[in-house]
Amino acid sequence: MKAVAYSIKPYEKEFLAKANQKKHDITLISNALSFETVIYAGGKDCVIVSPNDDVSAAVVKKLAGDGIKYIVTRSSGTDHIDKDAAKKYGVRLSNVPSYSPQACAEHAVALALALDRQLVKADIHSHVFNFRNDELIGFNFFGKTVGLIGLGSIGQAVARIYNGLGCKILGYDINFPKGIPYINLATLEDLLAFSDIISLHIPLTEETRHLIQRDTFDRMKDGVMLINTSRGALINTRHLLAAMENGKIGYLGLDVYEYEKGLFFEDHENDPVKDELLQELMNKPNVLITPHQAYLTKEALQEIANQTIKNLDSWQMDKCLEKACACVNVCSKSHSKENLINKQNVS
């Protein structure tokens, strides 16, 4: 199969080469997919994309007009793809339904621990030989209540870590997993009201967009810690700023941002104009922001590459992609895709 992979970073190349073993003719380019860069897909069967690419209806239509039959995203989340347009123009879709949930889980907990123990501030002070302990007081995680919104593979991996730290765990999911004694089923209302730390692990859909907004903030404890490594638009950022101003949010750890498209994954240090909302967040002392890197481990990158190539293999042999199928209408072998969407990884 002939394919072009957009938005390829240098660190991805070796993992894709190892997975591909020269089976498919894949052109790797650093350009993001857009209406203007569709030209690079000419003569190809498939485009391989990332969440940072433009896979809107107009782009899908142009791809289909140029002969593209398949789109595979190197992510679990598919909210960046216009699925209805793909269906309309006969383009088949696939994703990477699950990969190294431990990578994303460990990053989510790392954000929480770094915020609590003021590790960034302590490191900055130490580098200028300021070794005072002022302004570095944290709290014990042992005995605290952690609320996990989303209990798919990542949410469950996060729960295992917090359980090891001696936390009480509340979980909210429309498909609550059975047989996990240390996760306590909770309504969303109870989770918001009783949690000291709230961590988001759900995909972005029309139903979950701005799940965390003014009303939900009002139901949280004062000074709660909020962690999001899933999708930025789960949180209404303007409402978030207000919640930080009034002390409702005491700590904030984000690996994603509502308006990150075209911003994250690239160097914008010398841009004359910066994102004002993001600057407001970063200027607060109790905020830690990372650039959508929760997935970024060697193990996860290899799993993503392996599944990407497996999807191409299956399409080439006209086989069902099962869980990796991301089309609007999935085949009967896809193992209840509708339920899976609610439990997938989202990085």
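Visitor: What is the handedness of the crossing of α4 and α6?

Guide: In this predicted model, α4 and α6 cross in the right-handed sense. A crossing is called right-handed if the near helix is turned clockwise from the far one by less than a right angle.

Visitor: Which residues of α4 and α6 meet?

Guide: From α4 (residues 101–116), they include Pro101, Ala105, Ala108 and Ala112.

Visitor: Which residues have the most contacts inside the largest nonpolar core?

Guide: Cys46, Val47, Leu63, Ile71 and Tyr162 do, in a core of 73 residues. Helix α4 gives the largest share of this core, nine residues. Beyond its sequence neighbours within four places, Ile71 is in contact with residues including Val47, Leu63, Val91 and Trp315.

Visitor: What makes β2 and β5 edge strands?

Guide: The sheet is open, with five strands in the order β2-β1-β3-β4-β5. β2 (25–28) and β5 (92–94) each have a single partner strand, so one side of each lacks a neighbour in the sheet.

Visitor: How do you know that β1 and β3 pair?

Guide: Pairing needs at least two bridges. Strand β1 (residues 2–5) and strand β3 (residues 46–49) have three, in the parallel sense. They therefore count as paired. Ala3 has Cys46 as its bridge partner in β3.

Definitions and conventions:
Residues numbered from 1 in each chain as written. Predicted model: local features only at pLDDT ≥ 70, side-chain atom pairs only at ≥ 80, totals over all residues. Heavy atoms only, no water. Core = buried A, V, L, I, M, F, W, Y, C linked by side-chain atoms within 4.5 Å. Buried < 20%, exposed > 50% of the residue type's maximum accessible area, 1.4 Å probe, protein only. Helix = DSSP H or I, 4+ residues; strand = E, 2+ residues; numbered from the N terminus. Contact = heavy atoms within 4.5 Å.
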